[in-house]
Amino acid sequence: MRRNPPFRQVAQRDAEPVPRVYVSFLPPYNACSDVCTAVRMIRAGLVDEAPITMMSGVLLNPSAEEPLSAADLPVARKGGLHLIDGPWHALGTQVLEFRKRDLPVRCLPSCLEPSNEYYRRNEPKYFFAKERFSTAEAAAYGLGVLGCLAHGREFAAKMGFEAAYVVNMAGYFATLLPTP
């Protein structure tokens, strides 16, 4: 099997420190629900819960204009990858605070697809919306895009969408190859 060059380059980065992933809950979200992927990740020890006032690293927000990329890795290593679980329309204050501190606010690249059936097929308002990822998917794909493929895959495996993660990341890195 032939591997695309970006996989080799990114795989080498996996030996370096992996950014910590932080999840905050925006009220009135319930941080106790077993259905919530953010709660499941915290209980599994995959992420750290952080207060909503924590402002460091890279904020992953579906409303951001600029997509996350490997260029964000140094900032993420220093301050973490920050996810906020809550109603997307209410994230404005956190986004403004990150931007005031010159911290990057990024969305996931548009070529990635959710594996969560609710977001994929069951809820029409999410079919082509940027808000279509569960918090677990955002964490795994965020790590993968930053270049921490093995850790993103570990997240995906523990949360039940490893096969979709592998396909998505292969598609994402194929978009980075120069077109002939």
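Reader: Okay, where is the place of His 82, which strand?

Author: His 82 sits in strand E4. Keep in mind that this is a predicted model.

Reader: Got it. And is His 82 buried or exposed?

Author: Buried: its relative accessibility is 1%, which is under the 20% cut-off, so His 82 counts as buried.

Reader: What is His 82 in contact with, leaving aside its neighbours within four places in sequence?

Author: Quite a list. Its contacts include Tyr 22 and Ser 24, then Ala 50, Pro 51, Met 54 and Ser 56. Val 58, Leu 59, Leu 60 and Phe 98 are also in contact with His 82.

Reader: Tyr 22 and Ser 24, let's go there. Which way do they point from E1?

Author: Tyr 22 and Ser 24 point one way from E1, while Val 21, Val 23 and Phe 25 point the other way. In a regular strand, side chains alternate between the two faces of the sheet.

Reader: And why is E1 described as largely enclosed by the rest of the structure?

Author: Because five of the five residues of strand E1, residues 21-25, are buried.

Reader: Fine. How does E1 pair with E4, and over how many bridges?

Author: E1 and E4 pair in the parallel sense, over five bridges. Phe 25, for one, stands opposite Asp 85 in E4. E1 is also joined to E2 by two bridges, and those two run parallel as well. There, Tyr 22 has Asp 48 of E2 as its bridge partner.

Reader: What's the order of strands in the whole sheet?

Author: E2-E1-E4-E3-E5, an open sheet of five strands with parallel pairing. The edge strands are E2 (48-49) and E5 (105-106), each of which pairs on one side only.

Reader: How many bridges join E3 to E4?

Author: Three, between residues 58-60 of E3 and residues 81-85 of E4, and the two strands run parallel. Leu 60 has Leu 83 in E4 as its bridge partner.

Reader: Which strands does helix H4 lie across?

Author: H4, residues 92-100, lies across E3, E4 and E5 and runs at about 155° to E3.

Reader: Zooming out, how many helices and strands does the chain have?

Author: Eight helices and five strands. From the N terminus on, the elements go α-β-α-β-β-α-β-α-β-α-α-α-α.

Reader: Let's look at the helices towards the end. At what angle do the axes of H7 and H8 cross?

Author: Roughly 145°, with the axes of H7 (residues 149-159) and H8 (residues 162-176) coming within 8 Å. On the H7 side, the contact is made by Leu 149, Gly 152, Arg 153, Ala 156 and Ala 157. H8 brings Glu 162, Tyr 165, Val 166, Met 169 and Phe 173. The crossing of H7 and H8 is right-handed.

Reader: Now confidence. What's the mean pLDDT of the chain?

Author: The mean is 79, and 77% of the residues reach 70 or more. Over residues 1-14, pLDDT stays under 50. For that stretch the model has 22 contacts beyond four places in sequence.

Reader: Last one: what share of the chain do buried residues make up?

Author: 48% of the 180 residues. The chain exposes about 9,500 Å², and carbon and sulfur atoms supply 54% of that.

How values were computed. Residues are numbered from 1 along each chain as its sequence is written. This is a predicted model: local features need pLDDT of at least 70, side-chain atom pairs count only at pLDDT 80 or more; totals for chains, interfaces and linings use all residues. Side-chain values use heavy atoms; hydrogens and water are left out. Two strands pair if DSSP finds at least two bridges between them. Helices (H or I, at least four residues) and strands (E, at least two) are DSSP runs, numbered from the N terminus. Contact means heavy atoms within 4.5 Å. Axes are lines fitted to C-alpha atoms, for helices over the stretch in contact, and angles run from 0 to 180 degrees between N-to-C directions. pLDDT is the predictor's confidence in each residue, from 0 to 100. Buried means under 20% relative accessible area, exposed over 50%, partly exposed in between (1.4 Å probe, protein chains only). Accessible areas come from the Shrake-Rupley method with a 1.4 Å probe; for residues, only the protein chains shown count as cover. A crossing is left-handed if the near helix is turned anticlockwise from the far one by less than a right angle, and right-handed if clockwise.
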